[in-house]
Amino acid sequence: MTSPAEIVVTLDGAVVAAGFPVGHVDDPLFARGDGVFETLLVRGGRACLVGRHLDRLARSAASVGLPPPDQPRWRSAVATAARQWPGAGEAVMRLVWGRGHDGEPVGFVAASPLPDRVAAARRDGVSAITMDRGISVGEPPPMGAGLPRWSTADVKSLSYAVNAAALRHAQNHGADDVVLTSADGYVLEGPRSSVLIATGDGVLVTPPSTLPILSGTTVAAVFDVARRRGASCDERLLRPCDLLVAEGVWLLSSVTLAARVHTLDGHALAAADGVPDVAAMVDEAVGTPD
Ligand code: PLP
């Protein structure tokens, strides 16, 4: 269950109470999910990978026709919200940028406690099922052929109802999470995560960012760490059978970080010895100052 935001900071830097109106009920941002957002982790009193998140916020804003977010203003609001978070415990920070009723953009930063599921997913891993997202990658892949130019499949859009529905469907079928696939059978991403596998020859692989998927900040930061440690990292087209034979499969995201997939479509996945310590790489990645 999502906890209510406990700290809200406007882009003017004002710290306001959680119930304070930051917009109007008829703002398209609230009424239609017409906007974009970022979710990042607060750890040890600082927000993690802020630069990567602000860059993606800017790309998402450009895709949906919102003005570019003013980076110094956002950085300052993010730092204020992180400072306001009590203690060194972790929190979820949301950066929201959407269309207001008068055509002007509305933006704010909110921080709230970590959902309960996060600790269990990090510690125990997750079960997942594959689900067809109903879009084709096209031939020859991975050019994303068939995606209309206005699609938000590669944007962190506030319209997350389809992602939430996929997760609900999985949970109703006894699984913790989802691996979305294209109609032509390629692995895309999770509804709130990127897919990462370790192959038998020790390469860390994620589906190509040219697919209609969100480009993950966590997987990109982990690849930087892994390459510094001498590991090979690659973007490749994957099919669900590649996940079944992989040495390890993870769902990576900014808040849960690394959730090892222990079961996929009812098949237990190998917990091979010598598999890269992805959880440690993610910890290092999110601890890197930017
Ligand atoms: N793909 C989708 C659809 C997501 O919603 C997310 C995160 O929320 C990700 C991938 C992973 O992105 P990040 O690592 O930046 O959190």
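## A pocket to start with

Which residues lie nearest the centre of the second largest pocket? In this predicted model, they are Ser215, Gly216, Val219, Ala220 and Glu235, out of a lining of 20 residues. The space inside the second largest pocket comes to about 290 Å³.

## Where the lining comes from

Four elements each supply at least two residues of the lining of the second largest pocket: the helices α2 (50–63) and α6 (217–228), and the strands β9 (187–189) and β10 (194–198). Of the elements, α6 gives the most, with 4 residues.

The pocket also draws on both parts of the protein: domain 1 (7–112) and domain 2 (116–287) each contribute at least three residues to the lining.

## How the two domains meet

The protein is divided into domain 1, residues 7–112, and domain 2, residues 116–287. Their C-alpha centres lie 25 Å apart. Between them, 24 residues of domain 1 are in contact with 22 residues of domain 2.

## Helix α8 and its buried face

Now for helix α8, which covers residues 278–287. Its buried residues are Val278, Met281, Val282, Ala285 and Val286. Looking down the axis of α8, you will find these buried residues within an arc of 125°, so they line one face of the helix.

Conventions:
Residues numbered from 1 in each chain as written. Predicted model: local features only at pLDDT ≥ 70, side-chain atom pairs only at ≥ 80, totals over all residues. Heavy atoms only, no water. Buried < 20%, exposed > 50% of the residue type's maximum accessible area, 1.4 Å probe, protein only. Arc of directions from axis to C-beta. 1 Å grid on protein atoms, 1.4 Å probe; cavity = no way out; pocket = protein on both sides within 12 Å on 5 of 7 lines; lining within 4 Å. Points joined across faces, edges and corners; volume = space filled by probe spheres on them. Domains from an automatic or database assignment. Contact = heavy atoms within 4.5 Å.
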